[in-house]
Amino acid sequence: MSGRAGDSPAMRRAIEIAQRGAGEVEPNPRVGAVVLKKGKVVGEGFHEAYGGPHAEIGALRKGKGDTVVVTLEPCSTEGKTPPCVEALRRAGVRRVVWALDDPSPANGGKAKAALEAAGIEVVRGVLSKEAEPLLRWFRRGLSMERPWVIAKWAMTLDGKIGSRDRDAKWVSGEEAREAVHQLRGRCEAIVVGVGTLLADDPLLTPRRKSLLPGPPLRVVFDSGLRTSPEAKIFSDKTCPVVIATLAGADAEREKVLRERGAEVIRLGTDASGGVSVAEVLKALWGSGVRRLLLESGGKLAASFFAAGAVDQVVAFVAPKVAGGASAPTPVEGTGVSKMGEALAAAEWFSTKVGEDLRLTALFPEGTVPPAGG
Ligand code: AOF
Ligand code: ZN
C-alpha cells in the first residue's frame, strides 16, 4: 500500500511525457506512464492521440516490469480500446502507482478494487498536485455535455483562407493536407456550411485509417436546403451525411436529399437567423459525437465562436502572401471592437508540417464577439 523511493521520480517523468499528448488527445486526458523493473525504467508511454492506445499500453509495449507508474487511474471499462486494468493484470505487473483518480463516471474509482482482486498492489495520490493540470481540458470536456469542437483552417501568412476569387486550392502543402485526413479520422463528426459544400464540393472523408470504431458523420449546416443532390459527399456511402436545417425548410428538397441518403434534421435558429450551433451540438452529442472537426468557411466559424463553442483551433499557416481586402479570412462575423476583447487562448503550441506551420490553440469558454458586442 505504501509508496517507494522510486515512485516520485518515475511519476515526475510520467507527468512530463504526458504533456506530449497536448493538442492531440483532448477531450481525453493527457496521460503518461512509466514501467519499472526492480526500480529501473524499462518502458515509457503516453496517450498520443484521441482514440489511440492508452499510456500504459504504450509503456508496456516498450518493456515489461513489476511496477507501472501512471498519471491517471487506469481505465477498467472497454472504451475505444480494451480496459488497461486487464492489460496490467495480463502483463504480470505487481504494483500500480497513480497520481489522480479518474474523474469520469465510466472509469472513476473502479481500478483499485479490480487490481487488488487480481493481487496487484495499488498506490494512489503520488504527486497528484503536480499532475492535476493534465486533466484541465478533460474535466472541462466532462462538464460541457456537447462535443469538443476543433476549428481547423489553412491560411496564408497574411491570414487569408483563399484568394480574392475564393480560390483555396491549395493554401497549404501536401503534408498539411495529409495531417487533416489524419485529424478527420480522429473525430466523430466533420462539419461544414453549405457555402463550402457548394464552392469546394469536398468529399469530407478521412482518407487514412481511422483510430475510431465507426466512420465520422459528415454534417452540413444548410438553413435553406441548398445542398446539391449531386454533391460529392453523396458518392461515398461509408460516412453518413446529416443535413442540419431550419423548421421551415422546403419539404420537397428534404425528400430529394433523403433519397440521396442524407438524414435531415430540423432545428431552431441562432441570433443571425442560421441553424442554431448549440442545437446542432446537442443533437450530435446525443448521437455519441464527442469530438468534432469544423472545416467551414469564416461565416459558420464565426457562428461557432459567437456561441462560445470553439475549444481548439488547428491552423495551418503557409509561407505565402495572398493579399486582398476582400479575400476570405478564417473567422468573419462582427468581431471584437477592441483588441482587449479578443478571445485569448489558454495554451498554444506550434509544429512544422512540411513547409507549413501547424498552430494549435486551446480556448477557455468564451465568445467572439463578446455577448452584446
Ligand atoms: C487510461 N490511460 O492513457 C487514458 C485513459 O476514449 P477512450 O475510449 O480512449 O477512453 C478514454 C477514457 O479512458 C477517458 O474517459 C478516461 O476515463 C480514460 N483515459 N485511461 O488508463 C490513458 N487516456
Ligand atoms: Zn486505459
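Ligand 1 is surrounded by 17 residues (a residue counts if one of its heavy atoms lies within 4 Å). The closest are His54, Ala55, Glu56, Lys80 and Asp102. This is a predicted model, in which local features need pLDDT of at least 70, side-chain atom pairs count only at pLDDT 80 or more, and totals for chains, interfaces and linings use all residues. Residues are numbered from 1 along each chain as its sequence is written, chains are lettered from A and ligands numbered from 1 in the order written, and side-chain values use heavy atoms, with hydrogens and water left out.

**Ligand 1**
- A polar side-chain atom of Glu56 is 2.5 Å from an oxygen atom of ligand 1.
- Cys75 places a backbone N or O atom 3.0 Å from a ligand oxygen atom.
- For Ser104, a polar side-chain atom lies 3.3 Å from an oxygen atom of ligand 1.
- On its own, ligand 1 has 500 Å² of accessible area (Shrake-Rupley method, 1.4 Å probe), and the protein covers 92% of it.

**Domains**
- The domain assignment (automatic or from a database) gives domain 1 (7–136) and domain 2 (145–362).
- Their centres, taken over C-alpha atoms, are 34 Å apart.
- The contact (heavy atoms within 4.5 Å) takes 13 residues from domain 1 and 15 residues from domain 2.

**Interface**
- Between the domains, about 1,100 Å² is buried (accessible area, 1.4 Å probe, lost on being put together, summed over both parts), with 55% from carbon and sulfur atoms.
- Gly23, Glu26 and Tyr50 supply 41% of the area that domain 1 buries against domain 2.
- Three salt bridges (side-chain nitrogen of Lys or Arg within 4 Å of a carboxyl oxygen of Asp or Glu) cross the interface.
- Arg358 and Glu24 form a salt bridge through their side chains, at 3.6 Å from N to O.

Note on methods:
Buried area = accessible area lost by both parts, 1.4 Å probe. Polar contact = N/O pair within 3.5 Å; in protein donor to acceptor, adjacent residues only side chain to side chain.
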